[in-house]
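Take a walk through this protein chain with the structure open beside you.

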Amino acid sequence: MTKTPDFTHATYKLVRCIGCDATVSVCRPQAGEYAQCPRCHQKLQSGSRWSLKRCSLIALSILILMPFALGYPLLSLDLLGTKIDASVWQGIWKMAVSGYAYTAFMIFICAILMPVSFAILVIMLQLSKLLKIKPRNVLLFVGYIKPWVMFDVYLVALAVTMFKVREYATLEVDVYLIAFIFTALLTTLLFIKINLDDLWHDFYPEQKPVTESDKPLELCTACDYTFLKEDQQYDHRHRAICPRCASLIETPDSIKLQRVWATLIAGIIMLFPANLLPISGVYLTGNLSQDTLMSGVMSFISMGSYFVAFVVFFASIFVPVSKILIMLYLLASVHFKWRHSIKWQMRLLHIVHFVGRWSMLDLFVLALMMSLVTRGQIINFTVGPAAFYFGAAVFLTMISTSQFDSRLIWKIYDRKQ
């Protein structure tokens, strides 16, 4: 039988939901519990957390494993009597020196820079706690870079690469792959167990929690902080800022929509050459065989690897196109005040937030192939011009979805009610 929590002695405070802008009265949940908005089911507070000390130990373990996971070979290929190794760093470096520096830099951001930065920032939070420093910018950066840490996507890219190179030579798995898998698992665990809301509360405890509903409330979307409007501060240009994280409070809806439209339109433009131009090519005894995104999927189908073909098609074609269509529909709903099912619209927004990062799968596969399939003039793998456009489209659409404010949809729903 489920035990009913005892709220008789709980202390309640008012918070504004970052998902639908509703004002909700909540109390601090106990371990294993969480408070959610009764209207949009956005998680408001969570009692599931590990201590910052434990999280910092996990982050330290990640940093120790990083050199083995990123710098040492994960896969090896026996190509015409020569053993060729593939590591994360080697694939990025070969791509950069072969004339594809911008594409390599995008992979470097998601596969190396952001995972390392995330672990370092968590350790910096623990040091700030020991030294009694207020780490405002560190807490903000942790929230910003989480969607860009893509170790789990790279792990799937390794599996796709293993199927792709089988047609060229015998493939071997190196022992350092274990370090990469453990690093990916620890990073995912750190994502789940670190609680930014509680860390903000620990470093910046509320002096007077909001308990009165008759006073106007403000919400900072950067640190998810609800405070009285009379407590807001101002910067040197007399703009309203959050008293906790010093981020701007009042951004007009028109500016928000302009940011979403600008990045989305740029992503749509990039997606055309990404699908029409070749994304990869293989020189075999002097003959060049090039593949576009769709022809690469068809090659997996011809090899009988139907599951791999589905994964590549889903991540490289279906996800980017469907994400753009969903964003266009949500933007049109805001502009034309379409009164459709709010639950369906919010579900679509959650889907694009979740699947957007998986489009980087194809670029990770290209980086691994660059380091594996190379043997002088007999066989050589090359990156096509579509790779840069595809990576730019992924980056721009991810920025677009992160800039979209779901409260714009709820304003239409509230007017209807």
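What follows goes from the whole chain to its helices, strands, loops and charged pairs.

This is a predicted model. The protein chain has 14 helices and 15 strands. Of its 417 residues, 49% count as buried. Its accessible surface comes to about 21000 Å², and 62% of that belongs to carbon and sulfur atoms. Now take the contacts in the chain with a separation of 6 or more. Residues 24 or more positions apart account for 67% of them.

Start inside, with helix 12, which covers residues 361-372. Is this helix buried or exposed? Of its 12 residues, 12 are buried, so helix 12 is largely enclosed by the rest of the structure. The buried residues include Leu361, Asp362, Phe364, Met369, Met370 and Ser371.

Helix 13 is next, at residues 386-403. This helix has 18 residues. From first C-alpha to last it reaches 26 Å, close to the 26 Å expected. Helix 13 is mostly covered, with 13 of its 18 residues buried.

Helix 9 (293-302) and helix 10 (306-336) each supply at least two residues of the patch. Helix 10 gives the most, with 6 residues. Phe314 is found in helix 10. Its relative accessibility is 32%, so Phe314 counts as partly exposed.

Go on to a pair of strands. Strand 8 (residues 217-220) and strand 9 run antiparallel to each other and pair over 4 bridges. Glu218 stands opposite Phe227 in strand 9. Strand 9 spans residues 225-228, and both of its faces are covered. Tyr225 and Phe227 lie on one side, Thr226 and Leu228 on the other, and all are buried. The hairpin of strands 8 and 9 has 4 residues between the strands. There, Asp224 takes a positive phi near 55 degrees.

His238 is not a glycine, yet its phi is positive, at about 60 degrees. His238 sits in the loop between strand 10 (233-234) and strand 11 (240-241). It counts as exposed because its relative accessibility is 61%. Ala246 also is not a glycine and has a positive phi, of about 65 degrees. Its place is in the loop between strand 11 and helix 8 (253-276). With a relative accessible area of 44%, Ala246 is partly exposed.

Asp152 lies in helix 5 (residues 151-164), and Arg357 lies in the loop between helix 11 (342-355) and helix 12, so the pair ties together parts 205 residues apart in sequence. Asp152 counts as partly exposed, at 26% relative accessibility. Arg357 counts as buried, at 12%; the cut-off for buried is under 20%.

Lys411 is partly exposed, with a relative accessible area of 35%.

Lys256 and Asp253 are 3 residues apart in helix 8, so about one helical turn separates them. Lys256 counts as buried, at 15% relative accessibility, whereas Asp253 counts as partly exposed, at 28%. Both belong to a network of salt bridges that links Arg16, Asp21, Asp253, Lys256, Asp405, Arg407 and Lys411.

Terms used:
Residues are numbered from 1 along each chain as its sequence is written. This is a predicted model: local features need pLDDT of at least 70, side-chain atom pairs count only at pLDDT 80 or more; totals for chains, interfaces and linings use all residues. Side-chain values use heavy atoms; hydrogens and water are left out. The expected span of a helix is 1.5 Å times one less than its number of residues. Buried means under 20% relative accessible area, exposed over 50%, partly exposed in between (1.4 Å probe, protein chains only). Contact means heavy atoms within 4.5 Å. Accessible areas come from the Shrake-Rupley method with a 1.4 Å probe; for residues, only the protein chains shown count as cover. Two strands pair if DSSP finds at least two bridges between them. A salt bridge is a side-chain nitrogen of Lys or Arg within 4 Å of a carboxyl oxygen of Asp or Glu.
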